[in-house]
Amino acid sequence: MNDESYIKLAIEVAKKGQGNVSPNPLVGCVIIKNDKIIGAGYHEKYGENHAEINAIESSKESVEGATLFVNLEPCSHFGKTPPCVDKIIEKKIKRVVIGTLDMNPIVSGNGIKRLKAAGVDVKVGILEKECADLNKFFFKYITKKIPYVTLKAAQTLDGKIADKSGNSKWISSTVSRKIVHQMRSRYDAIMVGSGTIEKDNPRLTVRYIEGRNPKRIILDTNLKLKINHKIFHNNTDGNLIVITSDNNRKKQSKIAKLRSLGVQILFADENKKGLIDLRSALIEIGKLNISSLIVEGGSILLSNFIKSNLYDDVTLFIAPKILGSGIDSFGDLGIKSIQKSNRLKIDSLEKVGDDIMVQLSK
């Protein structure tokens, strides 16, 4: 096997931490000696050992003189755990192959400098794009302090997410819904507007697969939602967040009622149209160490994210159905000509069940 093959293996090992390490990055590590894998590990949980330490500790023989492969630059600072580079140097590992630099300003390049200064042979930039894609949530959050945002919708061939009465159950297939629940388990949080709660009465949890439930975020500008909805009374994990206008701080009775149900209240600015300012909301969400967010609608919320240019990618599930009339996936964006339309790049396209899943990025 060559360097690329071992970095590919490190990436696969890193994925085992999905859903458990945020806001830290996904990191996998493989240690090779005499053309044999002698150790492997990944960052398993936020606040616990990093991948390099787990890989070193898993080895049943000395790692002195070995080559360590890792998808992300080893840390060189004290955080919740000591610096990984110190352990690598202490254990006399001869060579370190790194997928990509860490964009965290307190790490970027420093880990490599420390290793080189200690005489370790360092190689950087192996499968760099794949390694960067793996940690797109972390890189966005660590540099911008707001979460990575994915817009998600299930729609008909003619772009409808619901019929005229607002009914959307079920546009997509069971297979598509399972994939959505897999997505939910990998993201820190899921967001909807108050209209979606009123129309669909969703739980916004992971049920079709085994996995972690994301935090659930509702934008409720005027604190108008009644508390008889499922989402308020199934909040056993205390991971429900309501974001409302800063102007509602005086509504103490409603706020107290929500808090008694374990709901966390965040206050954000309003925009000129009297809606929650999305950038303000994302800043407040970022303060909670939420590094990734799926926005599941409805149409107004999805459209506002596009108009505000505050999204990173889009996932669409397109069902082979035609409604002819109903609620559009995206509303009026204020665009007057095809030349000025939002142009996205298709990253992947695949058939899932009866539907087509399209993943797009800016």
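Guide: Gladly! Let's start with a definition: a residue is exposed when its relative accessible area is over 50%, buried when it is under 20%, and partly exposed in between. Please keep in mind that this is a predicted model.

Visitor: Why is K287 called exposed?

Guide: K287 has a relative accessible area of 58%. The label needs over 50%, so K287 counts as exposed.

Visitor: And what makes E284 and K287 a salt bridge?

Guide: The closest N and O atoms of E284 and K287 are 3.1 Å apart. A salt bridge asks for a side-chain nitrogen of Lys or Arg within 4 Å of a carboxyl oxygen of Asp or Glu, so this pair qualifies. Side chains of opposite charge can pair when their charged atoms come close. By this rule the count comes to 18 salt bridges.

Visitor: How do you know that R95 and D121 meet in a salt bridge?

Guide: Their side chains are 3.8 Å apart, N to O, and the cut-off is 4 Å. The pair links distant parts of the chain: R95 lies in strand β4 and D121 in strand β5, 26 residues apart.

Visitor: Why is R95 called partly exposed?

Guide: The relative accessibility of R95 is 21%. Buried would need a value under 20% and exposed one over 50%, so R95 falls in between and counts as partly exposed. D121 gets that label too, because its relative accessible area is 42%.

Visitor: What makes D188 and R212 a pair that ties parts together?

Guide: D188 forms a salt bridge with R212, with the closest N and O atoms 3.7 Å apart. D188 sits in the loop between α7 and β8, and R212 in the loop between α8 and β9, so the pair ties together parts that are 24 residues apart in sequence. D188 is buried, because its relative accessible area is 8%, whereas R212 is partly exposed at 29%. There is a network as well: salt bridges that share partners join D3, R95, D121 and K123.

Visitor: Why is strand β1 described as largely enclosed?

Guide: Six of the six residues of β1 (residues 28–33) are buried, so the strand is largely enclosed by the rest of the structure. Both faces are covered: G28, V30 and I32 are buried on one side, and C29, I31 and K33 on the other.

Visitor: How do you know that β1 and β2 pair?

Guide: Two strands pair if there are at least two bridges between them. β1 and β2 have six bridges, in the antiparallel sense, so they pass. In this pairing, I31 stands opposite G39 in β2. The two strands form a hairpin with two residues between them, and N34 in the turn has a positive phi of about 55°. β1 also pairs with strand β3 in the antiparallel sense, over four bridges, and the bridge partner of V30 in β3 is F69.

Visitor: What makes helix α2 mostly covered?

Guide: Six of the eight residues of α2 are buried. They are A51, E52, I53, N54, A55 and I56. Their cover includes β1, β2, β3 and α3.

Visitor: Why is S303 called buried?

Guide: S303 has a relative accessible area of 4%. Since buried means under 20%, S303 counts as buried. This residue belongs to helix α12 (residues 299–308). Leaving aside neighbours within four places in sequence, S303 is in contact with F330, G331 and L333.

Visitor: Which residues touch the most other members of the largest nonpolar core?

Guide: That core has 32 residues, and L151, M191, I217, I243, L293, V295 and F305 touch the most other members. A second, separate core of 24 residues includes I31, L68, I112 and V120.

Visitor: Which residues form a nonpolar patch on the surface?

Guide: I346, L349 and I356 do, with about 300 Å² of accessible area together. Patch residues need over 30% relative accessible area, and I356 passes that cut-off because its relative accessibility is 40%. With that value, I356 counts as partly exposed. I356 lies in strand β16.

Definitions and conventions: Residues numbered from 1 in each chain as written. Predicted model: local features only at pLDDT ≥ 70, side-chain atom pairs only at ≥ 80, totals over all residues. Heavy atoms only, no water. Buried < 20%, exposed > 50% of the residue type's maximum accessible area, 1.4 Å probe, protein only. Contact = heavy atoms within 4.5 Å. Core = buried A, V, L, I, M, F, W, Y, C linked by side-chain atoms within 4.5 Å. Patch = residues over 30% accessible without salt bridge, like charges linked within 9 Å, V, L, I, M, F, W, Y side chains within 5 Å. Areas by Shrake-Rupley, 256 points an atom, 1.4 Å probe, with all protein chains shown as cover.
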